[in-house]
Structures are given as structure tokens and as C-alpha cells.
Amino acid sequence: MSAHLWQLVCDSFFRILIPGLTVTVPLTIISFSIALVIATAVAIVQVRGIRILRQAARLYIWIIRGTPLLVQLFVVFYGLPAFGIVIDPFPAAVIVFSVNEGAYAAEIIRAAIEAIEKGQLEAGQCLGLSYLQTMRYIVLPQAFRIAFPSLSNSLIAMVKDTSLAANITVCEMFMKTQQIVARTYEALTLYLLVGFIYLMFCTVLTRLQAYGEKKLRIQN
């Protein structure tokens, strides 16, 4: 690597990393947290057996999983203003990522709930717990342990998907990289650099996932 490129990498590293820490990471954490709430509610609705609610949940999952995330971002940020609904870039990204991930995570949690023996649900009801109380205190804690690896993979995928937020002017890592490329014309070097930073983030999450899975195995 020439001295010029090395200096560019050194100068650009923190200029890209800082938006990663201040925008990409918060966007991921907030969106994934909301997505888990949505997913849990949708999963419970699906296993509860109320036909209308179950059909509404399936429709939501069908639409979200069947359309590209980028299209959903454009609909919310560029399409809704036609109806007088204007949302700032960051909140728009949070809404879309939360709703999108909620649909995928709902299927993960639903499968985990269905993996729990039905007798445990019946036992909770025999103890006088309501359906929601049984879910909260007995079923869901076990279901989340089963779903932990898959949900962790989804979180890692979301970190990378946040790069799409640059398309609705969210100034996260990828958009900052594009801005630097536009000034320096060193596309290959800078895109490899931002790819390396994404790799760093995902490696940390992968290590945390492995630690979490190990702790869950010990508890078993």
C-alpha cells in the first residue's frame, strides 16, 4: 500500500467508525429491541388460535417477508409524504427495520414456542395462571433460550442491513464512506475499509453469541 493510501485509511478509519458507533449501533439496538416486542406479540397471536388475529399476523408476515427491505424503506421515507406523513430519516429507518425484523423473528419465536411441551402450558393453567401469565413466566423464557442462536444471527444480519439506511439519507457508516469516496475517488480502498469495520462489529456480536450459548448450555 502506498503512503498516500495508508494515510487515507488512517484518516478515514475514525471518520467512518464514529458514525458506526453513534448511528449504526443505536439504530441496530433500538430497531432490534422493538422488533423483539413485535415478534413476541405476533408469535403469541399465531399460537393462541384466535382465527382473525392469526390471519392478520400471517398477512403481516407474508407482506413483510415477501417485499424487499429497500422497497419498504423507500415507501416509508419517500412514499408516505404524498399522504402528508413526513418522518425524519433515523425514525423512518427504525420503523422499517423494526417492522421488517419483527416479521422474521416472529417465525423464529413461534417455532420455539411450539417446541415447548404443551403440558407446560396446561400445567400453568392448572396453577391458576392466565394464558398470558403462563406464556410470560413459563413458556417464553424457555422459548427464548431455544431461539437465542437464531435471533443472534438475525441481529448480526441487521447490523449489515443498516447500510441500506444510507438510501434514505441516514448518515451511518456506509453513507459516510460514500461521502469520502466522492471526494477522494478511492472507492476500492474505502469500501474495503468500511467492510472491515462491519466485520469488526459482527465479530464482536459473534463472540457474544458464542458466550451466550455457552452460558445457556451450562444452565441446562
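Q: Helices (H or I, at least four residues) and strands (E, at least two) are DSSP runs, numbered from the N terminus. Which pattern does the protein chain follow, read along the sequence?
A: This is a predicted model: local features need pLDDT of at least 70, side-chain atom pairs count only at pLDDT 80 or more, and totals for chains, interfaces and linings use all residues. Residues are numbered from 1 along each chain as its sequence is written, and side-chain values use heavy atoms, with hydrogens and water left out. The protein chain has eight helices and zero strands. Its pattern is α-α-α-α-α-α-α-α.

Q: What percentage of the residues of the protein chain count as buried?
A: The C-alpha atoms fill a box of roughly 70 × 50 × 25 Å along the principal axes. Buried means under 20% relative accessible area, exposed means over 50%, and partly exposed lies in between (1.4 Å probe, protein chains only). Among the 220 residues, the buried share is 40%.

Q: At what angle do helix 1 and helix 4 pack?
A: Two packed helices are described by the angle between their axes and the distance between the axes. Axes are lines fitted to C-alpha atoms, for helices over the stretch in contact, and angles run from 0 to 180 degrees between N-to-C directions. Helix 1 covers residues 3–48 and helix 4 covers residues 89–115. Their axes lie 5 Å apart, at an angle of about 45°.

Q: Is helix 1 parallel or oblique to helix 4?
A: Angles under 35 degrees count as roughly parallel, over 145 as roughly antiparallel, 65 to 115 as roughly perpendicular, and the rest as oblique. The angle here is about 45°. That makes helix 1, relative to helix 4, oblique.

Q: How many nonpolar residues has the contact of helix 1 with helix 4?
A: Ala, Val, Leu, Ile, Met, Phe, Trp, Tyr, Cys and Pro count as nonpolar, Asp, Glu, Lys and Arg as charged, and the others, Gly among them, as polar. In this contact, five residues are polar and four are charged. The nonpolar count is 21.

Q: Is the crossing of helix 4 and helix 6 left-handed or right-handed?
A: Helix 4 and helix 6 pack at about 140°, with axes 8 Å apart, and are therefore oblique to each other. A crossing is left-handed if the near helix is turned anticlockwise from the far one by less than a right angle, and right-handed if clockwise. Helix 1 passes helix 4 in a right-handed crossing. For helix 4 and helix 6, the crossing is right-handed.

Q: How many aromatic pairs does the count come to?
A: Rings of Phe, Tyr and Trp (its six-membered ring) pair if their centres lie within 6.5 Å; planes under 30 degrees apart count as stacked, over 60 as edge-to-face, and the rest as tilted. By this rule, the count is four.

Q: Which kind of aromatic pair do Phe-13 and Phe-14 form?
A: Phe-13 is buried at 18% relative accessibility, whereas Phe-14 is exposed at 52%. Their ring centres are 5.1 Å apart, with 90° between the planes. The pair is edge-to-face.

Q: How far apart are the ring centres of Phe-77 and Tyr-78?
A: Phe-74, Phe-77 and Tyr-78 form one aromatic cluster. Phe-77 is buried, at 16%, and Tyr-78 is partly exposed, at 44%. The planes of Phe-77 and Tyr-78 stand at 80°, so the pair is edge-to-face, and the centres are separated by 4.8 Å.

Q: How many disulfides does a search of the whole structure find?
A: A disulfide is a pair of cysteine sulfur atoms within 2.5 Å. Cys-10 is partly exposed at 36%, and Cys-126 is exposed at 71%. The number of disulfides found is zero.

Q: What separates the C-alpha atoms of Glu-117 and Cys-10?
A: Glu-117 sits in the loop between helix 4 and helix 5 (118–126). Glu-117 is exposed, with a relative accessible area of 59%. Glu-117 and Cys-10 are 107 residues apart along the chain, and their C-alpha atoms are separated by 55 Å.

Q: What is the positive phi of Tyr-185?
A: Thr-169, in the loop between helix 6 (131–161) and helix 7 (173–184), has a positive phi of about 70° although it is not a glycine. Tyr-185 lies in the loop between helix 7 and helix 8 (187–219) and is exposed at 70%. Tyr-185 is not a glycine either, and its phi is about 65°.
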